[in-house]
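Trainee: Could we take a close look at one part of this model together? I would like to go through it slowly, and then see how a few other places compare with it in their surroundings.

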Amino acid sequence: MRASDEAPGGKNPPPVRLDEYEPRARALLPRATYDYFAGGAEDEATVAANLAAYGRYRFRFKVLSSVTNPDLACEVLGARLAMPVQLAATATQKMAHPDGEVAAARAAAAAGVAYSLSTLSTVSIEDVGAACRGTRWFQLYMYRDRGITTDLIDRAAEAGYNAVQLTVDTPRLGRRERDFRNGFGLPEGMRYENLTGALQRTGESAELGQSALSSYFTDQLDSWLSWKDLEWLVSNSRLPVMAKGVVRGDDARRAVGAGVAAVIVSNHGGRQLDYSIATLDALPDVVQAVAGDVPVLVDGGVRRGTDVLKALALGARSVMIGRPYLWALAVDGEAGVSRMLELMRQELTVSMSLLGVKSLSELSEDLLVRQ
């Protein structure tokens, strides 16, 4: 049952928190699809760590601050966004809902937040660009064939995207054991739409299962990616480049030196190296190393407005969420993602008022206690 099909008697009331979308999505999705979205690498210790990290912080709130309508707006790479919550790049969104990436991008634009399109999307760069006029970022994997890489970033620029996010933590796919057990593959008739031409060049199929996709990453993507390659991308991209997948301060500083416009603290949602540091725990070191030269964003484990405020108090400019909007997309398409973002906006508004801050610029580590 979709959320829009709720019974008049309220047997299936709309979710009131982000976590309530997941069990509803699990009931709707095929087991292999749910596991592909929910799963992480090996023991999934990093998935759990990302969530647990936020629970280690408590607020030292201010009182008598006269905050009733706090300003949630933030600025990232010249774009003024309605709140510090952006939609991360996640693959194959048509597996969640027939409208796929178009539905999520439209919901993001309506909410005034940025949407990131995955290289492995099931709607093309151009079709998402035509359907959504909001702030759009394109997530990129670096190919050994630099012609494929430049073609993708040029297509993104032509389609009106505002930045490129280079994923730097995926020289090869992590061992996602749920997908091995399920024999994961794209449903019949579904393709990685951005790669149809690229895959034709390499003799591969645009309808890959998990083992074939893993082989594709090994064979076609640049597993020898180096700092010189990042510098090459910055020099050859018509769009600002964001480095996604950084968890160390020294790496963040080198990325800034290579010319990136932003750094995204990420461990790929726990889907790459298991037992990686939780992203919230990695955030302070990266923020200190970057020293305000470029904005720092963070993803992984964000489920509450209070999570967002904790990340911002530790120095993030904005956060990115992935799985929560996939579950909302599965439950009710564009309307589900819109409601999920509205729930996050409501939580941020109430929590900022109770915390005693009028704008995001007032958030600081002084408001937090680590337990």
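Which residues does V16 touch, not counting residues up to four places away in sequence?

Mentor: Happy to. This is a predicted model, in which local features need pLDDT of at least 70 and side-chain atom pairs count only at pLDDT 80 or more, while totals for chains, interfaces and linings use all residues. Residues are numbered from 1 along each chain as its sequence is written, and side-chain values use heavy atoms, with hydrogens and water left out.

Leaving aside residues up to four places away in sequence, V16 touches L343 and E347; contact here means heavy atoms within 4.5 Å. V16 belongs to the segment before α1 (21–28). Helices (H or I, at least four residues) and strands (E, at least two) are DSSP runs, numbered from the N terminus. The classes are buried (under 20% relative accessible area), exposed (over 50%) and partly exposed in between, with a 1.4 Å probe and protein chains only.

For a contrast, turn to T167 in strand β7 (residues 163–167). T167 is buried, since its relative accessible area is 4%. Beyond residues up to four places away in sequence, T167 touches Q139, L140, Y141, L225, K244 and H268. With Q139 there is also a polar contact between the two side chains, at 3.0 Å. Such a contact is a pair of N or O atoms within 3.5 Å; within protein, one must be able to donate a hydrogen and the other to accept it, and residues adjacent in sequence count only if both atoms are side-chain atoms. M142 lies 25 residues from T167 along the chain, with 8.0 Å between their C-alpha atoms.

Back among the exposed residues, L64 sits in the loop between β1 (57–59) and β2 (74–76), and it counts as exposed because its relative accessibility is 86%.

Y275, in the loop between β9 (262–265) and α12 (279–290), has a phi near 65°, a positive value in a residue other than glycine. A291, in the loop between α12 and β10 (296–299), also has a positive phi, near 55°. Y275 is exposed, with a relative accessible area of 59%, and A291 is exposed at 55%.
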